[in-house]
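Subject: Structure handover

Hi,

Here is the structure for you to look over. My notes follow below it.

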Amino acid sequence: MIIVEIEENAGIGNQMFQYAHAYALAEKYDQKILIVSHLGRADNVREYMLNRMCLDKKRVIGTIRVDWFNFLQFFPFITKKNALNRAFRFVLRAASKGLIKSGLFELRTMPKIQNRKFEKEQPFQKGKNYYIRGFFESYRYFDEYRAGIQRQFSLQRVPCEAAECVNKIENTNSVAVHIRRGDFTICGRLLPISYYDHAIQYLEKELKHPEFFILCEDEEVREHYRLWQKSNIHIIDIAIKNRDIVEWYLISRCKHHVITNSTYSWWSAYVSEREGKRVFIPDADLYLACENADIYVDEKYGMQHYTDYFLPEYEVLPKYSE
């Protein structure tokens, strides 16, 4: 059996990388998967999202979720809403340490500084169980099983509020432009808005009748593109519950993609099966400058962080001046 741990700070893209890596190992060695999610504090914006996708029921035998205790947030007389949540997380971590220490499970982990570098893994030992921890953010860990992963990373149900946008995306020469802000503005990994402006202007000449579907959680950025007043620019803004996963699904239906250092947009491009798809990425200098500005990284990333992350068929956007 393979236990894959979904870390407490994992966004949608990270969750998908963690599952895809475990799924590839399960396929290769004919193993079952148990998912353990540490996500979902009552006050945490990051939620467990894999349960809304079509995961392989033949491989996934179950999920253990810390956020099972979030029902406590609905009781006004409970002041410490995360108390049981934290206690359960402590129990799960103690249990995982016990399984590994006992020798019943072998731990395989990936340090943050190496998470986008492919490291050749040691083969599984017959009859042994494995505990997987870390993001493993390289397509080379699972690309052999891409078709199966694409089938699974689709929504179980597409809400009716998104139907009109899906129809427009699937019936035009649509281009997904995801602009990552949020905590990227804090940790220093943010690409400038001029990069996306340049990408749109370049692709208007490169593609035939492109329709741009822009997704960003930042209202200032959305207003920036509304002011362009161009009929081929559409702002994705679906005001519904679980909008993050729904909006991700929308951009995954686009024909072409502009992606950067965000795992959210990386996965939208990877799962897309549109005929004639083209994916555009920043040049290595720009990408590594943003990644190496990360205030939480103690070491500098090198070229392997770039080449093991982006697929070789992706196209580098021409350099631009700010």
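A crossover counts as right-handed if, with the strands pointing away from the viewer, the path from the first strand over the helix to the second runs clockwise. Helices (H or I, at least four residues) and strands (E, at least two) are DSSP runs, numbered from the N terminus. By that test, strand 1, helix 1 and strand 2 make a right-handed β-α-β unit.

Ground rules next. This is a predicted model, where local features need pLDDT of at least 70, side-chain atom pairs count only at pLDDT 80 or more, and totals for chains, interfaces and linings use all residues. Residues are numbered from 1 along each chain as its sequence is written, and side-chain values use heavy atoms, with hydrogens and water left out.

**The β-α-β unit**

Strand 1 (residues 2-6) pairs with strand 2 in the parallel sense, over five bridges. Pairing requires at least two DSSP bridges between two strands. Ile3 has Leu34 of strand 2 as its bridge partner. Strand 2 also runs parallel to strand 3 (residues 60-65), again joined by five bridges. There, Ile33 stands opposite Val60.

Five of the five residues of strand 2 (residues 33-37) are buried, so the strand is largely enclosed by the rest of the structure. Buried means under 20% relative accessible area, exposed over 50%, and partly exposed in between (1.4 Å probe, protein chains only). Ile33, Ile35 and Ser37 point one way; Leu34 and Val36 point the other.

Helix 1 covers residues 12-29. The expected span is 1.5 Å times one less than the number of residues. Of those 18 residues, 15 are buried. Asp30 follows the helix, with a positive phi near 55 degrees.

An open sheet has six strands in the order 8-7-6-9-10-11, with parallel pairing. Its edges are strand 8 (233-235) and strand 11 (315-316), each pairing on one side only. Strand 6 (residues 173-178) and strand 7 (residues 210-215) run parallel, joined by six bridges. His178 stands opposite Leu215 of strand 7.

**A surface patch**

Ile186, Ile295 and Tyr296 make a nonpolar surface patch of about 360 Å². Areas come from the Shrake-Rupley method with a 1.4 Å probe. Ile295 lies in the loop between helix 10 (284-291) and helix 11 (304-307). Ile295 is exposed, at 53% relative accessible area.

Best wishes

Conventions
Patch = residues over 30% accessible without salt bridge, like charges linked within 9 Å, V, L, I, M, F, W, Y side chains within 5 Å. Salt bridge = Lys/Arg side-chain N within 4 Å of Asp/Glu carboxyl O.
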